[in-house]
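Here's a quick briefing to read with the model open beside you. Have a look at the structure before going on.

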Amino acid sequence: NSRIVLASRPKGRPSPSDFRLEQAPVPTPGEGEVLLKIRYLSLDPYMRGRMSAAKSYSAPVEIGQVMEGGTVAEVLESRHAGFKPGDIVLSHSGWQSHALANGKQLRKLDPATAPVTTALGVLGMPGFTAYSGLLTIGQPKPGETVVVAAASGPVGSAVGQIARIKGARAVGIAGGPEKCAFVRETFGFDAVIDHRAPDLAEQLAAACPDGIDVYFENVGGKVWDAVFPLLNTFARIPVCGLVAQYNNEGEFEGPDRLPVVMRQVLSKSLTIRGFIQREFIAQRPAFEQEMPRWIAEGALKYKEDIVEGLERAPEAFIGLLEGRNFGKLIVKV
Ligand code: NDP
């Protein structure tokens, strides 16, 4: 069993030495358990939080523990009546090649219905994050303007496309010309802006002539600064993630802008609401009905970025926090 454990807690940007590749015997399933061979590992920005001991909505990974993560796996051996060898399942087995699981933690996948990797992306946690956060908090209406950054990633790309399905205008923000072109041409956003452009704020203002009604917050930082003055009265801001600041734990530079922000929250009646996708679990059945249908109809497209080899997971994960991925980042184990 190859596995990657947390070797040390990063200060700032994680480095490869914060991870350690180890070998261990393949475990034997007990009564009611299955032995899994991990086929695909999902890499997600939240994992940066698990590497830190800072208090969060979930417990951190301990030093020496296998890094956490969603996985698609094949059942190798089963001592559980509900599973047989060869079954493909969604599990949360982490950064390793083999794992034990009891049936409760597993969901069977049907490779004939959809490519199994989609269970980690568009039809899985990130897709559901976009769907539930946008529709519950953002509530886009026909003709409104919805802005989202990290627009080539699994959350942002789905946010913009669902906004368009609901009749709104989608304005994306992404890093670099290649991602911007993809977001406009393949994901069909109405406008796309490169956040590395020195005149980001001016370009965003030009792309949103009627202001911004929904800002789906994925990144924070300078994107938030560009968005903030453009927010309309009654704008809704689902706060989904702040990936621009995950690597700077606690240290923030510059003057205190909270009074300015709060004044606008009041005078423009803004709704700013953070969420963790699992809070919206009641919407899972609606998501499971609508999302595959939108994909089948061609109304919603997705992009995956598949890296080969478990040993490359640390480097790929470090790159994810800096935008080196292009689409939903998945490791083929
Ligand atoms: P992505 O695959 O989109 O990867 C993150 C992207 O963030 C990078 O590719 C990069 O894209 C962009 N980025 C990184 N740094 C910056 C920066 N300084 N300024 C602007 N953009 C930056 O990730 P996901 O789609 O998986 O996740 C998107 C967000 O959603 C994250 O914040 C994540 O934490 C959050 N999330 C929240 C959940 C919840 O329940 N609340 C659940 C799942 C995800 P680019 O090259 O375009 O800059």
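Where does the ligand lie relative to domain 1 and domain 2? Domain 1 (2-121 + 303-332) and domain 2 (125-280 + 289-293) both give residues to the shell around the ligand, so the ligand lies between them; the domain bounds come from an automatic or database domain assignment. Keep in mind that this is a predicted model: local features need pLDDT of at least 70, side-chain atom pairs count only at pLDDT 80 or more, and totals for chains, interfaces and linings use all residues. Residues are numbered from 1 along each chain as its sequence is written.

**Around the ligand**
- Gly-153, Gly-175, Gly-241, Ala-244 and Gly-323 come nearest of the 31 residues around the ligand (a residue is near if its C-beta atom, placed from the backbone, lies within 6 Å).
- H2, helix H3 (154-165) and helix H6 (221-227) are the elements giving two or more residues to that shell (helices are DSSP runs of H or I, at least four residues, numbered from the N terminus).
- H3 gives the most, with three residues.

**Helix H2**
- H2 is mostly covered, with 12 of its 14 residues buried (20 or more other C-beta atoms within 10 Å of the residue's own, C-beta atoms being placed from the backbone).
- Among the buried ones are Phe-128, Tyr-131 and Leu-135.

**Ile-63**
- The C-alpha atoms of Ile-63 and Val-5 are 7.4 Å apart, though the two are 58 residues apart along the chain.
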